[in-house]
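This report describes a single protein chain for a computational reader.

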Amino acid sequence: MCSMDEINSLPFAQQQRLRFIESMVLWEGSVQRQRVCEVFRVNPNHVTRDIQVYKKQYPKSLEYNPSLRAYEPGSKFSPHMASGDPSEYLALLYAYAESESVAMLPVFRNGRSISRCFACAPMQN
């Protein structure tokens, strides 16, 4: 298992993809590699590597369902990178709907956005 420092030292774009993967599993019950590829406009190798990093950091958090060709919550799944706040998921959906991309997902702590995405409302302090 890698440390949280190792996760934080990953490129920001990769951290964003990991948060997206976790958010999709949390709120939609599964995530497909192809969806991550489309949203972030990366090739499948990037997503495969991201999922491997996530599974290494959080063992038994994701299980592959071959019939759905998707990753679903595993026996030890709980959100570590996503806030679990519904407004985070709604902002993610809004950003994607507005731009067909989530090039920058909002980051939430304690139910408040602490970062901006280009399609989100201005951050309030």
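## Serine 61

The side chain of S61 comes within 3.1 Å of the backbone oxygen of Y58, a polar contact in the sense of a pair of N or O atoms within 3.5 Å, where within protein one atom must be able to donate a hydrogen and the other to accept it, and residues adjacent in sequence count only if both atoms are side-chain atoms. The model is a predicted one, in which local features need pLDDT of at least 70 and side-chain atom pairs count only at pLDDT 80 or more, while totals for chains, interfaces and linings use all residues. Residues are numbered from 1 along each chain as its sequence is written, and side-chain values use heavy atoms, with hydrogens and water left out.

S61 lies in the loop that links α4 (44-57) to β1 (62-65); helices (H or I, at least four residues) and strands (E, at least two) are DSSP runs, numbered from the N terminus. Is S61 buried or exposed? S61 counts as buried because its relative accessibility is 1%, where buried means under 20% relative accessible area, exposed over 50% and partly exposed in between (1.4 Å probe, protein chains only). Beyond its neighbours within four places in sequence, S61 is in contact (heavy atoms within 4.5 Å) with Y54, E72, P73, G74, K76 and F77.

## The chain as a whole

Five helices and four strands make up the elements of the chain, and from the N terminus their order is α-α-α-α-β-β-α-β-β. Of its 125 residues, 42% count as buried. Among contacts in the chain with a separation of 6 or more, 51% are between residues 24 or more positions apart.

## Helices α2 and α3

Two packed helices are described by the angle between their axes and the distance between the axes. For α2 (residues 12-28) and α3, the angle is about 130° and the axes are 11 Å apart; axes are lines fitted to C-alpha atoms, for helices over the stretch in contact, and angles run from 0 to 180 degrees between N-to-C directions. The angle therefore makes α2 oblique to α3, since angles under 35 degrees count as roughly parallel, over 145 as roughly antiparallel, 65 to 115 as roughly perpendicular and the rest as oblique.

Which residues of α2 and α3 meet? From α2 come Q16, R17, F20, I21, M24 and E28, and from α3 come R35, V36, V39 and F40. By class, this contact of α2 with α3 has six nonpolar, one polar and three charged residues (Ala, Val, Leu, Ile, Met, Phe, Trp, Tyr, Cys and Pro count as nonpolar, Asp, Glu, Lys and Arg as charged, and the others, Gly among them, as polar). Within α3 (residues 33-40), V36, C37, V39 and F40 are buried. R41 follows α3 and has a positive phi, near 55°.

## Further residues

V25 belongs to helix α2 and is buried, with a relative accessible area of 2%. The C-alpha atoms of V25 and L62 are 8.4 Å apart, although 37 residues separate them along the chain.

S23, also found in helix α2, is buried at 4% relative accessibility. Its contacts, leaving aside neighbours within four places in sequence, are E28, A82, E88 and L92. S75, by contrast, is in the loop between β2 (70-73) and α5 (86-99) and counts as exposed at 63% relative accessibility.
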